[in-house]
Each structure stands twice: as structure tokens, then as C-alpha cells.
Amino acid sequence: MTELDETRAKWIQVRDILAARIEDGTYPPNSRVPSVVALTEEFGVAVATAQKALRGLREAGLTRTEPGLGSFVVGPRGG
């Protein structure tokens, strides 16, 4: 399980980790990012926290959500 800093909001940390993975190519454009269930398992967070992190990625323009399919990478920041 990926450890999170107890002094910062967990959803922001999860969002930032996923954004970094998008930027470094771990999740390339058009690839699917982990599901809410996978994020709860990896980070040990609540479903609402994982959903908020994914919403943060979408609002930042890094991902798009396709109902019933999941969230997909749009591309790295500035790219």
C-alpha cells in the first residue's frame, strides 16, 4: 500500500501521485487510470476520497471519464 502523509488532505495526495504518473508516462495518453476500487486498495482511502481524487484529475484536464468504462488519460500537463 502506498503511504500517505497525515498532514495533507488524502485526496490531494492521491490526485498528485496520479498526476505525476500521467506526467512521467506511467499512464500514457488514452490509457485507463486505476478504478476507484483499485485506488482504495492501493492507498487505503475511502471510496469518496478516491472519487474526489479522480474528479480533481478530470477538473485539471488530465483525464476524461467515460460512463461505465472509467477514467482515461487525456495527456500530460501542457501537452
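Entry 1: I looked up R8 and found it partly exposed, with a relative accessible area of 40%; for accessibility I used a 1.4 Å probe on protein chains only, with buried meaning under 20% relative accessible area, exposed over 50%, and partly exposed in between. I worked on a predicted model, in which local features need pLDDT of at least 70 and side-chain atom pairs count only at pLDDT 80 or more, while totals for chains, interfaces and linings use all residues. Residues are numbered from 1 along each chain as its sequence is written, and side-chain values use heavy atoms, with hydrogens and water left out.

R8 forms a salt bridge with D16, the closest N and O atoms being 3.0 Å apart; the term requires a side-chain nitrogen of Lys or Arg within 4 Å of a carboxyl oxygen of Asp or Glu. D16 is partly exposed at 29% relative accessibility. R15 also bridges to D16, with closest N and O atoms 2.9 Å apart, and R15 is partly exposed at 22%. I therefore noted R8, R15 and D16 as linked in a network of salt bridges.

**Entry 2: E42 and R21.** I counted four salt bridges in the structure. One of them joins E42 to R21, the closest N and O atoms being 2.6 Å apart. E42 lies in helix 2 and R21 in helix 1, so the pair ties together parts that are 21 residues apart in sequence. Helices here are DSSP runs (H or I, at least four residues), numbered from the N terminus. R21 is buried, with a relative accessible area of 17%, whereas E42 is partly exposed at 23%.

**Entry 3: helix 2.** Which residues of helix 2 are buried? In this helix (residues 36-43) I found L39, T40 and F43. They cover an arc of only 100° around the axis, taken from the directions from the helix axis to the C-beta atoms, which puts them on the same side of helix 2. The face turned away from that buried side carries the exposed residues V37 and E41. Helix 1 and helix 3 (47-59) are among what covers the buried residues. Just after helix 2, G44 takes a positive phi of about 65°.

**Entry 4: the core.** The largest nonpolar core has 16 residues, and V14, L18 and L57 have the most contacts inside it. Such a core is a set of buried Ala, Val, Leu, Ile, Met, Phe, Trp, Tyr and Cys residues joined through side-chain atoms within 4.5 Å. Helix 1, helix 2 and helix 3 are the elements that give two or more residues to this core.

Terms used:
Contact means heavy atoms within 4.5 Å.
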